[in-house]
Amino acid sequence: MTAFEPRVFSGVQPTGNLHLGNYLGAITRFVALQDSYPCIYCVVDMHAITVWQEPEELTNAIRSVAAAFIAAGIDPDKHVIFNQSQVHEHAELAWIFNCVARMGWLNRMTQFKEKAGKDRENASVGLFAYPSLMAADILAYKATHVPVGEDQKQHLELTRDIAQKFNYDFAERIAELGFGDAYFPLTEPIIQGPATRIMSLRDGSKKMSKSDPSDYSRINLTDDRDAISQKIRKAKTDPEPLPSELKGLESRPEAQNLVGIYAALANSTSEQVLTDFGGAPFATFKPALAELAVEMLAPVNAEMRRLLADPGHLDQILAKGADQAAEIAAPVIDGAKDIVGFVTSRRKRTAERSVA
Ligand code: AQP
């Protein structure tokens, strides 16, 4: 089997305020992986426009996600941080993958069904094809590992299906051109820890989401101490005290969610939280959770504000990251074009000119 160099890729959409779900389910995982892998972290602005975005707000949101990456601890000098639209290879590979993926596969995607809702006919084509672009984001770098929240599991499975079909359909060409027996890796999702699916603070059956109309449903990374405390105080719960064992959280989604949030913020486990707080009423647990959330988020919040005060510096980081990303992606996409059978004489002529 072809061996692929380990590499991490993941992305976050600039579609509004980043929240605790994005932070605990994805961004803190990104930070944790940077000592073990070369990492590429992308602000996926092309995904964002699959639903309407106000242009100026989009620009600000792109910088804000980049600031959150850096404020959370990702080092842009050691790893790659960039925004997707600056690296055209994503769009090129996505087109090839649109022609590899099957309508039936995309028709099964639950995120499309949720986001398109009842007005499916009016959803953008981009929203439907979103998973092909996500596969291109990952496979443009032949990434072997992708840290994501639970909600992205199905898209990761589709990425593997696309890689497998491409490898199978073009197996002869891949071998002939000297790429071994597989051109793309079968990427592994990394979905770990107590915070893979943080739920809304208003409804324990709904995912915490940027697009939830109620701001009380989520804790934003930009929320100050008062807002965090107030949202946790008002979070929906039940009247029972916390149980001492995990089993006691079954059928108590809101309690389970708050315990999971505490565990993730404290870098602990839900079991340990119940050992410490079992028998406590929410009147005791909520202030402790609010205190912890403020303590963990305040430095990230302050650093984001500092970074956002200098948008020119953030843009430089994104430009440098885009150059580094393109350097990795360009030969991968060139190889894919050769495999498909495209005539690529213009690219070769340009390469010769730049050497001359
Ligand atoms: N509630 C969540 N719990 C844990 N992880 C989450 N993620 C999102 N929500 C939760 C993870 O965050 C990463 C970036 O997500 P995204 O912004 O690219 O897309 P999303 O999953 O669609 O996030 P939202 O907040 O729900 O945005 P909108 O409302 O715009 O659709 C991903 O790894 C995701 O799993």
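Predicted model: local features only at pLDDT ≥ 70, side-chain atom pairs only at ≥ 80, totals over all residues.
View 1. The lining holds 15 residues. Nearest the pocket centre are Leu24, Thr28, Arg29, Ala264 and Asn267. H1 and helix H11 (253-265) each supply at least two lining residues. H1 provides the largest share, with five residues. By class, the lining of this second largest pocket has nine nonpolar, five polar and one charged residue.

**View 2. The protein chain divides into domain 1 and domain 2.** Domain 1 is built from two stretches, 8-191 and 310-355. Domain 2 covers 215-308. Taken over C-alpha atoms, the domain centres are 32 Å apart. Contact between the domains involves 16 residues of domain 1 and 15 residues of domain 2.

**View 3. The largest pocket has a volume of about 1200 Å³.** Of its 49 lining residues, Gln111, Lys115, Asp151, Gln152 and Lys207 are the closest to the centre. Which element gives the most to the lining of the largest pocket? H7 does, with five residues. Sorted by class, the lining of the largest pocket has 18 nonpolar, 20 polar and eleven charged residues.

**View 4. Helix H10 packs against helix H13 at an angle of about 150°.** H10 spans residues 225-234, and H13 spans residues 282-308. Their axes lie 9 Å apart. Is the crossing of H10 and H13 left-handed or right-handed? The crossing is right-handed. From H10, the contact draws on Arg225, Ile228, Ser229, Ile232, Arg233 and Lys234. These meet Lys286, Leu289, Ala290, Glu291, Ala293, Val294 and Leu297 of H13. The contact of H10 with H13 counts seven nonpolar, one polar and five charged residues.

**View 5. Phe170 lies in the loop between H8 and helix H9 (171-176).** Which residues does Phe170 touch, leaving aside those up to four places away in sequence? Phe170 touches Ile339 and Val340. The C-alpha atoms of Phe170 and Ala336 are separated by 9.8 Å. Along the chain, Phe170 and Ala336 are 166 residues apart.

Notes
Residues numbered from 1 in each chain as written. Heavy atoms only, no water. 1 Å grid on protein atoms, 1.4 Å probe; cavity = no way out; pocket = protein on both sides within 12 Å on 5 of 7 lines; lining within 4 Å. Points joined across faces, edges and corners; volume = space filled by probe spheres on them. Helix = DSSP H or I, 4+ residues; strand = E, 2+ residues; numbered from the N terminus. Nonpolar A, V, L, I, M, F, W, Y, C, P; charged D, E, K, R; others polar. Axes fitted to C-alpha atoms, helices over the stretch in contact; angles between N-to-C directions. Left-handed = near helix turned anticlockwise from the far one by under 90°. Contact = heavy atoms within 4.5 Å. Domains from an automatic or database assignment.
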